[in-house]
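Open the structure in your viewer and keep the selection tool at hand. This tour says what to pick next and what is there.

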Amino acid sequence: FFFFKQKTAYEILSGLVGSEMCIRDSISSVLSSAIVQGTVSVKDSRNYNEVIVSLTPGKHTAFIDSKGHFDIMDVDEGTYILEVFDNKHYYEPVLVEVNKKDESFYVNATLYKLKPAEKTRRLKYPMSLSSSSNIQFFEAEQPFTIMSLLSNPMVSMVGLLSLIHI
């Protein structure tokens, strides 16, 4: 039996050329598109291979490496929303603007305003993103009490009808 070091998706992607994952091996495509870079701070070190970074709208997706670094290749000029998908933590969306000036690409990143009253906050580039809260999928079950039984409308209706019937 052979034992190999397990590679992350990011390590595999960096070694591929001309694959189905839209990694191109041509100088012209590198010069005609931008690279969006950054790091995601993952609190659980075992969770890094489950985190996906995506630019919407579009087909630009990347995985993070063991240090939290990501590179989204082949990004055309335009405005995108960068989202980090993690099962355990919530990350604020980021508005990413890719501009081309004099054959060079410039990337501007600001936190995406979900409410119009919120202030915009510009981020340094390459971006450094951290989670704003934990995601909780389930609520804790409330313990049984007599008051919860009496506050049930069906129980009060049965009680009222039994009083009327007597």
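The stops below run from the whole chain to single residues.

**Before you start**

This is a predicted model, in which local features need pLDDT of at least 70, side-chain atom pairs count only at pLDDT 80 or more, and totals for chains, interfaces and linings use all residues. Residues are numbered from 1 along each chain as its sequence is written, and side-chain values use heavy atoms, with hydrogens and water left out.

**Whole chain**

Select the protein chain and colour it by secondary structure. It has 4 helices and 11 strands. Both are DSSP runs, numbered from the N terminus: helices are H or I, at least four residues, and strands are E, at least two.

Now show the surface. The accessible area is about 12600 Å², and 59% of that belongs to carbon and sulfur atoms. Such areas come from the Shrake-Rupley method with a 1.4 Å probe; for residues, only the protein chains shown count as cover. Of the 166 residues, 26% count as buried. Buried means under 20% relative accessible area, exposed over 50%, and partly exposed in between (1.4 Å probe, protein chains only).

Turn to contacts, meaning heavy atoms within 4.5 Å. Take those between residues at least 6 apart in sequence: 53% join residues at least 24 apart.

**Isoleucine 72**

Select isoleucine 72, in strand 4. Is isoleucine 72 buried or exposed? It is buried, because its relative accessible area is 1%. Which residues touch it, leaving aside neighbours within four places in sequence? Isoleucine 72 is in contact with Ala34, Ile35, Val36, Val53, Leu55, His60, Ala62 and Leu82. Pick leucine 55 from that list.

**Aspartate 65**

Next, select aspartate 65, in the loop between strand 3 (60-63) and strand 4 (69-75). Aspartate 65 is buried yet has no salt bridge. A salt bridge is a side-chain nitrogen of Lys or Arg within 4 Å of a carboxyl oxygen of Asp or Glu. The nearest side chain of opposite charge is lysine 67, 6.5 Å away. For charge, Lys and Arg count as positive and Asp and Glu as negative; His and the chain ends are not counted.

Show backbone atoms here. The aspartate 65 side chain reaches the backbone nitrogen of lysine 67 at 3.0 Å. A polar atom of that side chain also lies 2.8 Å from the backbone nitrogen of histidine 69.

**Aspartate 86**

Move to aspartate 86, in the loop between strand 5 (78-85) and strand 6 (89-90). Aspartate 86 is buried and has no salt bridge; lysine 88, the nearest side chain of opposite charge, is 6.8 Å away. The side chain of aspartate 86 reaches the backbone nitrogen of lysine 88 at 3.2 Å.

**The salt bridge**

How many salt bridges does the structure hold? It holds 1. Select glutamate 103 and lysine 100: their closest N and O atoms are 3.9 Å apart. Glutamate 103 is exposed, because its relative accessible area is 65%. Lysine 100 is partly exposed, at 35%.

**The nonpolar patch**

Finally, select Phe144, Ile146, Met147, Leu149, Leu150 and Val155, which make a nonpolar surface patch of about 620 Å². Patches are made of residues with over 30% relative accessible area and no salt bridge: like charges are joined within 9 Å, nonpolar side chains (Val, Leu, Ile, Met, Phe, Trp, Tyr) within 5 Å. Helix 3 (residues 146-150) gives the largest share, 4 residues. End on leucine 149, in helix 3. Leucine 149 is partly exposed, with a relative accessible area of 38%.

Key
A polar contact is a pair of N or O atoms within 3.5 Å; within protein, one must be able to donate a hydrogen and the other to accept it, and residues adjacent in sequence count only if both atoms are side-chain atoms.
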